[in-house]
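Subject: Structure handover

Hello,

I am passing a structure on to you, with notes on what was found in it. Please look through it before reading on.

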Amino acid sequence: MTMPAHSTDGACAKETVLARAFAPGKAILLGEHAVVYGRPALAGALGDGVTVEVVAGRGALRVPAWNVVAPLDENDDDDRSDLVTACAAVRDVLTRRLPDVGMALRRLDAAARFGVPTGAGLGSSAALAVALARALARAVDARLGDEVLDEAALAAETVFHGRASGIDHAVAARGGFGLYTRATGLRPLPTKDGAARVTEGVRLVVGHTGRQRDTRGRVARVAELRAAHPEKIERSFDSIAALVERGAAAITTGDLAALGAAMEENQRQLEALEVSCAEIERMCGLAHEAGALGAKLTGGGGGGCVLALAPGREEAVRVAWGTAGFTSFVTLVGAAMDEAAA
Ligand code: MEV
């Protein structure tokens, strides 16, 4: 893998863009880890995500902001980062399922721009996989059905997660907000009168621990705990599933206090599953003191980001985190259903 200097943060400045695709990042409000074992999770798309542009080139994946240029069209077993391995997994599925893409790879470059923090539990790797697959298929006018997209994105996610539930790429591919299970995929939450529609989204403060999330390591640790104490861990997954149902009902009825309480309880379960860390606990404590209704890690844990539900107190949470050295932003999770199909 080579890393020549690159001067621009824009995806493909001054080059003719043959195709472009966007996929959003995600936030899991409730249910991570248990979702790997078939339980439901509540998740929504972020307003920003990953954009991939395809231009004429030599079969490279470029990430200008990181000065990374990696081969997309050949196997390079030395020095493989997860990013390169994941993109190679997408390429392999596309080459097998859409031969036109495979034949065109040597004359195309794909450039990625990240609009969400990477390695933070916000779904940037799944968004990259979805945007990359869509952009490459578009560049050669190949039809990318849902099945091939899911297969390509799941192959990439498995690189980052070990055992992946598919939730990250389901949100990256479909956008919006809803309940996800491995069996049913992502389903929008019903409204009060029972009609299925997407909610307006949930306003959250997202803060970064400053430490990379450790999804693969934490997923592996939960698997070890489950192997050692199957009944206890299955009971924990069931409790998390009940919290997810409670949280979903709370969103449907607009009961933010109940949603916050479910987030709190979920964080205690996640801590017991050994997927939290000192920074996450500190940030949750600070969010409380600043008036949040609930705070918890999001995604794989072991680092990455914390979500705080703090209606009317968002700025107070941001100040408390900022004073302690944690960066943050406020976002509406789940409001991007239509944009996400871009
Ligand atoms: C990662 O965003 C969420 C996990 O539940 C893993 C997965 O579902 O693939 C930790």
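The notes below cover the ligand site and then an aromatic pair.

This is a predicted model, in which local features need pLDDT of at least 70 and side-chain atom pairs count only at pLDDT 80 or more, while totals for chains, interfaces and linings use all residues. Residues are numbered from 1 along each chain as its sequence is written, and side-chain values use heavy atoms, with hydrogens and water left out.

The ligand is surrounded by 13 residues (a heavy atom within 4 Å). The closest are Lys26, His33, His161, Ser165 and Asp168. By class, the shell holds five nonpolar, five polar and three charged residues (Asp, Glu, Lys and Arg count as charged, and Gly is among the polar ones).

Oxygen atoms of the ligand lie 2.8 Å from a side-chain N or O atom of His161, 3.0 Å from a polar side-chain atom of Asp168 and 3.2 Å from a side-chain N or O atom of Lys26. Strand 1 (19-30) and helix 5 (167-174) each give two or more residues to the shell (helices have at least four residues and strands at least two, as DSSP runs).

There is one aromatic pair (ring centres within 6.5 Å; planes under 30 degrees apart are stacked, over 60 edge-to-face, the rest tilted). The ring centres of Tyr37 and Phe237 are 4.9 Å apart and the planes are at 15°, so the pair is stacked.

Regards

Key:
Polar contact = N/O pair within 3.5 Å; in protein donor to acceptor, adjacent residues only side chain to side chain. Phe/Tyr/Trp six-rings, centres within 6.5 Å; stacked < 30°, edge-to-face > 60°.
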